[in-house]
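Please look over the model below before reading on. My comments follow as numbered points.

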Amino acid sequence: MANNNERRVLSVGIRYFVTQYQVDWGLTMAAATVSIVPLVVMLALGQKHLIRGITLTDMKG
């Protein structure tokens, strides 16, 4: 529902690297990699808390 390019989500922006007649695989893969990097960093930093939360919800009291 975004009307301008500044408000589009990242996956829609990556889709613009694909045109009707060609696909720029280099730019598409680079954009996908850059979009995944923050998620991997957040997982690496919060993995201890995530595992602890999953473990604590399994305990019966």
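1. Helices here are DSSP runs of H or I with at least four residues, strands are runs of E with at least two, and both are numbered from the N terminus. On that basis the chain has two helices and zero strands. Helix α1 covers residues 10–15. Helix α2 covers residues 25–57.

2. On provenance: this is a predicted model, where local features need pLDDT of at least 70, side-chain atom pairs count only at pLDDT 80 or more, and totals for chains, interfaces and linings use all residues. Residues are numbered from 1 along each chain as its sequence is written, and side-chain values use heavy atoms, with hydrogens and water left out.

3. Overall form. The C-alpha trace spans about 60 × 25 × 15 Å along its principal axes. The radius of gyration, taken over C-alpha atoms, is 18 Å, whereas a compact globule of 61 residues would have one near 10 Å. The globule rule is 2.2 Å times the number of residues to the power 0.38.

4. Burial. Buried means under 20% relative accessible area, exposed means over 50%, and partly exposed lies in between (1.4 Å probe, protein chains only). Of the chain's 61 residues, 5% count as buried.

5. Thr 28 sits in helix α2. Thr 28 counts as buried because its relative accessible area is 10%, below the 20% cut-off. Leaving aside neighbours within four places in sequence, Thr 28 is in contact (heavy atoms within 4.5 Å) with Ile 14, Phe 17 and Val 23. A polar atom of the Thr 28 side chain also lies 2.8 Å from the backbone oxygen of Asp 24.

6. Ser 35 is also in helix α2. With neighbours within four places again set aside, Ser 35 is in contact with Leu 10 and Ile 14. Ser 35 and Ile 14 are 21 residues apart along the chain, and their C-alpha atoms are separated by 9.3 Å. The Ser 35 side chain has a polar atom 2.7 Å from the backbone oxygen of Ala 32.

7. Val 12 belongs to helix α1.

8. Surface. Accessible areas come from the Shrake-Rupley method with a 1.4 Å probe; for residues, only the protein chains shown count as cover. The chain exposes about 5,900 Å², and carbon and sulfur atoms supply 64% of that.

Terms used:
A polar contact is a pair of N or O atoms within 3.5 Å; within protein, one must be able to donate a hydrogen and the other to accept it, and residues adjacent in sequence count only if both atoms are side-chain atoms.
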